[in-house]
Amino acid sequence: MAATPLPIVSPPPPPPHPPNAATIRSLTAAGDHAAALRALSSLSSSSSPGAAPLDGFALPPAAKSAAALRSLPAVRAIHGAALRRGLLYDGPTPAVANALLTAYARCGDLPASLALFAAMPARDAVTFNSLISALCLFARWLQALAALRDMVLEGHPLTSFTLVSVFLACSHLPDDPLLGREAHALALKSGFLHGDERFAFNALLSMYARLGLVDDACRLFASAGAAENAPGGGGGGGVVTWNTMVSLLVQSGRFEEAVGVLYDMVARGVRPDGVTFASALPACSHLEMLSLGMEMHAYVLKDADLAANSFIASALVDMYASQERVCAARRVFDMVPVGDRQLGLWNAMVCGYTQAGMDDDALELFARMEADAGVVPSETTMAGVLPACARSEVFAGKEAVHGYVVKRGMDGNRFVQNALMDMYARLGDMDAARRIFAAIEPRDVVSWNTLITGCVVQGHISDAFQLVREMQQQGRYTTDIDEEPVMPNNITLMTLLPGCAMLAAPARGKEIHAYAVRRGLDSDVAVGSAMVDMYAKCGCLALSRAVFDRLPRRNVITWNVLIMAYGMHGLGGEAVALFDRMVASDEAKPNEVTFIAALAACSHSGMVDRGLELFCTMKSKHGVEPTPDVHACAVDILGWAGRLDEAYSIIISSMEPGEQQVSAWSSFLGACRLHRNVRLGEIAAERLFELEPDEASHYVLLCNIYSAAGLWEKSLEVRSRMRQRGVSKEPGCSWIELDGAIHRFMAGESAHPESALVHAHMDALWERMRGQGYKPDTSCVLHDIEDAEKAAILRYHSEKLAIAFGLLRTPPGATIRVAKNLRVCNDCHEAAKFISKMVGREIVLRDVRRFHHFVDGACSCGDYW
C-alpha cells in the first residue's frame with residue numbers, strides 16, 4: 001500500500017519587521033504620511049525586546065508628516081513625546097524643535113511656533129530659517145525681516161532658503177523698496193546669486209517684479225549672464241530661471257517681452273518644459289496672437305512628455321477658448337486620456353464653454369466630470385459653471401445649485417459667493433444677491449464689482465454708482481496684518497461705462513474718465529474701448545475719437561466701437577474710411593462685428609454701392625464668412641434704399657430658413673414700413689409672427705404699414721391679434737441727464753415733479769412751431785380717430801417732453817441730449833428740427849437705431865433713417 005503523501009503546508013509568514021526611525025523617514029519621503037504617523041505610534045508604544053527605541057531621528061520626519069496632513073493634534077502629541085523623553089533639545093542640533101516649529105506653523109498655530117522658538121536654549125541656522133518661513137506663511141513680513149537681523153547678529157550663516165523667504169517678505173512691502181535692494185546686497189555679499197543653485201536668484205527676480213520694478217528684474221536677468229548662458233545650461237536650474245522671467249513678464253502685463261524671452265530661450269538651446277508653456281500661453285491670449293499659440297501647440301505635440309502634460313493642456317484649452325476657438329479647445333481636452341485629466345483641465349474646459357456662452361455644453365461637461373471621471377468639482381469649478389446655470393434656458397434648477405454649493409461646504413468661499421451673487425443678479429433677484437454680498441467677509445474689489453455689475457445688468461444704474469461711492473468710502477480688504485482700501489479698478493470702470501452709455505449720461509462718464517486718468521487706467525485697452533463707446537453713445541463723437549487716438553494700443557473691439565459710432569451718427573463716409581485704415585494698419589483684423597458696423601454705417605448714410613461691395617468681398621478679401629446678422633445688414637442697405645425685391649431675394653435665396661432669418665426679416669419689415677409696401681410687409685410680418693410670435697415690434701410695424709395706407713380694419717385686426725396673444729407694445733420712454741440726475745418722461749404722463757411746467761412749455765413751443773409752418777404728422781398715430789385728437793397725442797410724446805424739460809433747465813446755448821428706448825417717430829423728428837431752429841440750440845436725440853443731431857432746422861441723418 002502506497003504511503004499517503006504528507007500535505008504540503010506553507011511556512012508561517014515571518015513576523016513583521018518592527019518599525020524604526022528609518023521606516024518613518026522612508027514613509028514620509030514617499031508621501032505616505034498617515035502610515036508614517038502609525039509607525040511612530042507603534043514605535044512609541046512597543047515594549048517587545050529588540051524594538052528600536054524612540055529617538056530624535058524618528059520625530060522630525062514624523063512632525064513633517066503631521067504638518068503635511070495639517071493635523072495639529074498629531075503635532076502636539078509629537079511635541080509631548082519629545083518633552084517626556086527629553087528629546088526636544090537633545091543632540092548636537094535642535095532638529096526636533098526645528099521640525100515642530102515648522103509643523104505648528106503649517107497647521108495654522110503660529111503662536112505655538114513663536115513660543116517654541118522663544119523657549120529654545122540653542123538655535124542654529126535651520127531654526128531661524130524655519131521661523132522666517134513661518135512668519136512669511138502668516139504674512140508677518142516685517143517680523144520676518146526682524147528675525148533675519150537677529151539671525152545675522154547671532155552669527156548664523158545664511159543659506160539660499162533664508163534668502164528665498166527674505167525676498168518673499170520684501171516683495172510684499174512695496175512702500176519701502178529699499179528693503180528689497182538691501183536684501184539684494186546681502187545676497188551678493190553672501191555669494192548665493194551665482195553658481196548652479198538658482199533658488200535665491202529666481203526669488204530675487206520675482207521680488208523685483210512684485211515690487212513693480214520689472215525693469216530691475218530684466219537688468220538682473222541680463223547682467224547675471226542668464227540671457228546669454230543660463231547657469232545649468234539646458235538643465236533644471238537654467239530652465240527654472242527662464243521660466244521665472246517669462247512668468248513675471250506675463251504677470252506684469254509685458255506680454256511682448258515675455259514672448260521675446262521665450263524665443264530667446266529656445267534659440268539658446270534651453271529646452272522649455274511644462275511650466276514654460278503654461279506661463280507663456282496666457283501671453284498669446286492677451287496679445288490675441290492665435291498663430292503664436294498654435295506654434296507653441298505644434299512644439300508641444302512634437303514632444304511626447306509635453307503633449308501628455310495636463311497643465312500644458314489646461315493652458316492650451318484656456319488659450320483657444322479665449323480666442324473663441326472653443327472647438328479647438330475641446331479637441332485638446334479630448335486628446336488627454338480621461339484618467340490623466342487633472343482638475344485644472346476640467347475647469348479650463350468648463351470655463352471655456354461658459355465664457356463662449358455655450359452654457360448647455362458647460363453644464364453637460366460639469367455633470368460628466370464627477371459622474372464619469374470621478375473628479376470632484378472645486379470652488380474654481382463652481383465659480384466657472386454658475387454663470388452657465390444662470391443663463392441656460394434648459395437648466396431649470398438654478399436656485400438648487402446654491403444648495404449643492406452649501407452641501408459641498410463651498411458657500412464660504414469668496415469666489416463661489418461672487419459667482420452666486422452674479423447668478424442671482426442675472427435672475428433678477430437683487431435682494432438675494434445683496435444678502436450674499438452682506439455675508440462676504442472680507443470683501444475684495446471682485447465682490448464689489450460683481451454686485452455693481454448686477455445692478456447695471458438689471459438697469460439699476462443709480463444703485464451701481466451708489467455702490468461705487470460706498471466702495472470708496474467704506475471698502476476695506478482685511479489681510480492678516482493690515483487693512484487695505486478697496487478702490488475701483490479697470491473692471492469697475494468697464495462695468496460702469498456701459499451704464500453711462502445706456503443712460504446717455506456724459507457727465508458721469510467724464511467723472512469715470514477723470515478717475516481713470518488719475519489712476520493710470522486710461523491706457524488700458526479694455527477701459528479705453530469702453531470709454532470710446534460711452535462717449536459715442538452719449539453723442540460726444542469728438543471726445544470718442546480723441547480717446548481712440550490717444551490709446552497706445554487698440555484691439556479689434558476698439559476699432560469696431562468707433563466704426564459703429566460713426567455709423568450711428570450718420571457719418572458713413574468716416575466709418576468706411578476708418579475701416580480702410582484698420583485694414584491698412586494691420587493693428588487688428590476685421591471680424592464679423594467689424595463688417596456689421598461698417599455695413600450698418602453704409603445703411604444709415606445711404607451708401608448702397610459701397611455697402612454691397614463690402615458685403616460681396618468680405619470673404620474673398622478678408623476671410624470673414626457672412627453670418628445671418630451680416631446678411632441682415634445687406635437686407636437693411638437694400639431695403640432702406642427702396643430696392644425691396646433685391647433685399648427679399650437675399651433672404652429667400654442666401655439664408656437658411658429658421659430663427660437665423662429673424663434679423664433680416666425684421667430689417668425688411670422696417671423697410672416695407674418706410675416705403676409703404678403692404679404686400680411685402682405682410683409677407684415679412686407673417687414670417688416674423690411664426691418665428692417670434694411674442695415680439696411686439698413686429699405687430700407695431702405692420703400696424704404702421706396698414707395705418708399709413710389707410711387700412712384701418714386690418715390695423716385693428718393686428719391689434720386684436722396682439723391682445724389675444726397677450727403681447728403689449730413697449731411704452732415709449734425718453735430721458736435726459738441734468739446735474740447728475742436722470743429725468744424720465746413717458747408719453748402724456750404727469751408723474752414728473754415738474755410735469756405741469758413741462759407741459760406748459762411744450763404748449764408754448766407747439767404754438768410757435770405751428771406759427772412757423774409745422775404740421776403734425778398724424779400718420780404716426782395708429783388709432784382711427786380725428787386728426788385733432790391725433791395731434792393732441794403727438795404733442796406730448798416722450799421725446800418732446802424731454803426736450804422741453806432740457807430747454808427749461810439748461811442755460812441758453814447748451815446742447816440738449818435726449819435718449820429714447822424706441823425709434824423716434826416721424827413727427828417728433830420733424831418737431832425737433834423746428835425747435836432747434838427756433839431756440840438756436842443743438843439737440844442730440846439718440847433712439848434705439850441711431851443718433852440725430854438737429855442744428856438750425858436740419859438733421860444729421862438728412863431725413864434718411
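How much of the chain over residues 555–589 is helix, and how far apart are the end C-alpha atoms? Over that span the chain is 77% helix and 0% strand, with the end C-alpha atoms 9 Å apart, where helices (H or I, at least four residues) and strands (E, at least two) are DSSP runs numbered from the N terminus. This is a predicted model, in which local features need pLDDT of at least 70 and side-chain atom pairs count only at pLDDT 80 or more, while totals for chains, interfaces and linings use all residues. Residues are numbered from 1 along each chain as its sequence is written, and side-chain values use heavy atoms, leaving out hydrogens and water.

**Sheet**
- Six strands form an open sheet with mixed pairing, in the order E4-E3-E5-E6-E7-E8, where two strands pair if DSSP finds at least two bridges between them.
- The edge strands, E4 (741–746) and E8 (858–859), each pair on one side only.
- Strand E3 (residues 733–738) runs antiparallel to strand E5 (residues 816–820), and two bridges join them; Trp-735 stands opposite Ala-819 in E5.

**Cysteines**
- The whole structure has zero disulfides, a disulfide being a pair of cysteine sulfur atoms within 2.5 Å.
- The sulfur of Cys-633 is too far for a bond, because the closest cysteine sulfur, in Cys-602, is 9.8 Å away.
- Cys-633 is buried, with a relative accessible area of 11% (buried means under 20%, exposed over 50%, partly exposed in between, with a 1.4 Å probe and protein chains only).
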